[in-house]
Amino acid sequence: LNPPDVGGLLNGMVPRLDGGETVLLAASMLGATVMPHAVYLHSSLVIDRHGRSTDPARITRLLKATRLDVVLALVVAGTVNIALLVLAASSLYGRDGTDTIEGAHAAVADALGPSVAALFAIGLLASGIASTSVGSYAGGAIMAGLLRRRIPMVVRRSVTLIPAVVILAVGVDPTWALIASQAVLSFGIPFALIPLRRFTSDPERMGAFADGRALRIGSAIAAAAIIALNAALLVLMATGDA
């Protein structure tokens, strides 16, 4: 309905940070897109879908299928996040009230019409339900793997709702809580990525399926970049600049 300028869009794809608030938003977007608990969940999903196997040929097929699954999931998630930013930059720039979810919905309705605003609201609702489901499923998978205990699904779903309900009940601003929660997820990524990298690079554990040199270097760079971003955010929060 309101196509953005292509040159401006491409220029905006170049990563840059401008002050503490942008570091917080970058960490939040990273946490919302990657979600550290999803790292554990994907491993569990492979077993749930295909069972365990020791056949090298079958394992190779499963690895290819899982790689495609993860790449497509991250591409879709990243595209949606980018699309939301482009929508805000091209259609909502300079409008009042866009610092809240309700205000953003009203601004979308005013700028692009009620139909787009309804799609925006449905998208937020769907993302909330999906996030809750993924968190619950991942929590169950982690508990089953580490604690050797299986918690009923209804109990897991109920427990995952309690923190959000408490935060809203005590009057915390929902938008701030949303951004802060995603930033916390960003802090959790290294705790999932570094052990994963350690395990998958171990020839004794992985055998012929251990990570190659290029993947080890790439994963090390990614982990270092995420840790640097999180460290910068902690410093800015300590100095009151974020």
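Val-155 lies in helix 7, which covers residues 153–169; helices here are DSSP runs of H or I with at least four residues, numbered from the N terminus. With a relative accessibility of 40%, Val-155 counts as partly exposed, where buried means under 20% relative accessible area, exposed means over 50%, and partly exposed lies in between, using a 1.4 Å probe and protein chains only. Together with Val-159, Ile-162, Val-166 and Val-170, Val-155 makes a nonpolar surface patch of about 440 Å². Such patches consist of residues with over 30% relative accessible area and no salt bridge, with nonpolar side chains (Val, Leu, Ile, Met, Phe, Trp, Tyr) joined within 5 Å and like charges within 9 Å; the areas come from the Shrake-Rupley method with a 1.4 Å probe, and for residues only the protein chains shown count as cover.

This is a predicted model, in which local features need pLDDT of at least 70 and side-chain atom pairs count only at pLDDT 80 or more, while totals for chains, interfaces and linings use all residues. Residues are numbered from 1 along each chain as its sequence is written, and side-chain values use heavy atoms, with hydrogens and water left out.

How does the span of helix 10 agree with its 26 residues? At 1.5 Å a residue these should span 38 Å, and the end C-alpha atoms are 37 Å apart, which agrees; the expected span is 1.5 Å times one less than the number of residues. Along helix 10, the buried residues are Ser-219, Ala-223, Ile-226, Leu-229, Asn-230, Leu-233 and Leu-236, and they pack against helix 2 and helix 8 (174–200), contact being taken as heavy atoms within 4.5 Å. After helix 10 comes Gly-240, which has a positive phi near 80 degrees.

Helix 2 also holds Ala-32, which is partly exposed at 31% relative accessibility. The C-alpha atom of Ala-32 is separated by 7.1 Å from that of Leu-185, although the two residues are 153 residues apart along the chain.

The charged pairs come next. The count comes to two salt bridges, each defined by a side-chain nitrogen of Lys or Arg within 4 Å of a carboxyl oxygen of Asp or Glu. In one of them the side chains of Arg-95 and Asp-110 meet at 2.5 Å, N to O. This pair links distant parts of the chain, 15 residues apart, with Arg-95 in the loop between helix 4 (56–91) and helix 5 (101–112) and Asp-110 in helix 5. Arg-95 is partly exposed at 33% relative accessibility, whereas Asp-110, at 58%, is exposed.

Asp-202 forms a salt bridge with Arg-198, with the closest N and O atoms 3.8 Å apart. Asp-202 is found in the loop between helix 8 and helix 9 (203–206), and its relative accessible area of 14% makes it buried. Leaving aside neighbours within four places in sequence, Asp-202 is in contact with Gly-207 and Ala-210.

Notes
Helix = DSSP H or I, 4+ residues; strand = E, 2+ residues; numbered from the N terminus.
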